[in-house]
Amino acid sequence: MTAPQQGDWRLFRGDGDARRVDFPEAPPWRRFTPADGTPRPRPYLIGPDESEVVNAALLLRRPLLVTGHPGTGKSSLAHAVAHELSLGRVLTWPVNSRSTLRDALYDYDAIGRLRESNLRREAASEDGTEDEGPDIGSYVRLGPLGTALVPGERPRVLLVDELDKGDVDLPNDLLTVFEEGEFEIPELARLPEDQAHIDVLTADPQVRAPVTRGRVRCSEFPVVVITSNGEREFPPAFLRRCVRLDLAEPDEQRLRDIVEAHLGDAALDGLDDLLRTFLGRRAPGELATDQLLNAVFLRKGGLDLPPGALLDAVLHRLGGAV
């Protein structure tokens, strides 16, 4: 068994020899949240004009609709707001073509409840005891939007990621919830009066929330950040209820600031060729800022390939064939 030479950045050699290597520290943007759920601070830079739009959405209690090419920091903005305002963990709803409003509000596991009831009934008939089992609240779990609407002293941050990938009717489905700040869980609303107050599961691990007569109504409208890649237009009624922010591609100075925020003040020392190559290859929507961060991190870690060869590996186009 052989070990890498001291100072060699290569972990995998492809020679078939088994070896035990010490993994270096991961890039800052690939270090994950601790198991206790404490949000990890994420460096995020935004211009004064853009921050004013964010503040307008916060003050108006309106959803912030953020558009821009992939890699411009749309999703990261939600985490930056949560961090700066100490609003806790971001609740995330990643939208796809099968997403429905119900998915975001709550889920009721009727089959699981029926199965558990049958098992307990069979066990009780065998030993002659009675066991009612968990109440219905153990089978209702609020989704990210439903959890964001749970009453609290401070608003939660909800990230609705890539809404334009959802069904064309999904934006309109959200309108009533955004306007009213409440929704009903019919399975709980039908319960008798002695079960008017039920504690249900939430999108926060190990946290339950009280629901009265099946209705969840916020006391503070959540900070809603909706991202879109601009793949299609949204209905006028939906757009009228949002504050819109378009994130442009960062210029050279902003790129330098972003790299330094993640990797330190001297991160780009001696790497101007890398930055120039990135800027020369970049076209709208074709390269993302985090790809430049990857390239800089590898070069600083000892990868001494020419910038062109390095960028071929990590700066692949975001659209078209790979």
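Okay, let's start with Phe238. Leaving aside residues up to four places away in sequence, Phe238 touches Leu163, Pro171, Leu174, Leu175, Phe178 and Ile226. Keep in mind that this is a predicted model.

So where does Phe238 sit? In the largest nonpolar core, which has 40 residues. Phe238 is among the residues with the most contacts inside that core, along with Leu145 and Leu163. And which helix gives the most to this core? That's helix 6, residues 170-180, with five residues. There's also a second, separate core of 19 residues, and Val90, Val223, Val243 and Leu247 are included in that one.

We've got five strands in an open sheet, order 2-5-10-1-11, with parallel pairing. Strand 2 (91-94) and strand 11 (243-246) are at the edges, and each has a single partner strand, so one side of each has no neighbour in the sheet. From one strand to the next, the twist averages 20°.

Looking at one pair: strand 5, residues 157-161, and strand 10, residues 223-228, run parallel over four bridges. Val157 stands opposite Val223 of strand 10. Helix 2, residues 74-84, packs on the sheet and touches strand 1 (64-67), strand 5, strand 10 and strand 11. The direction of helix 2 makes about 165° with that of strand 10.

Last stop, helix 11, residues 289-300. With twelve residues at 1.5 Å a residue, helix 11 should span 16 Å, and its end C-alpha atoms are 17 Å apart, so that agrees. Its buried residues are Thr289, Gln291, Leu292, Leu293, Ala295, Val296 and Arg299. After helix 11 comes Gly302, with a positive phi near 120°.

Technical notes. Residues are numbered from 1 along each chain as its sequence is written. This is a predicted model: local features need pLDDT of at least 70, side-chain atom pairs count only at pLDDT 80 or more; totals for chains, interfaces and linings use all residues. Side-chain values use heavy atoms; hydrogens and water are left out. Two strands pair if DSSP finds at least two bridges between them. Helices (H or I, at least four residues) and strands (E, at least two) are DSSP runs, numbered from the N terminus. Axes are lines fitted to C-alpha atoms, for helices over the stretch in contact, and angles run from 0 to 180 degrees between N-to-C directions. Contact means heavy atoms within 4.5 Å. The expected span of a helix is 1.5 Å times one less than its number of residues. Buried means under 20% relative accessible area, exposed over 50%, partly exposed in between (1.4 Å probe, protein chains only). A nonpolar core is a set of buried Ala, Val, Leu, Ile, Met, Phe, Trp, Tyr and Cys residues joined through side-chain atoms within 4.5 Å.
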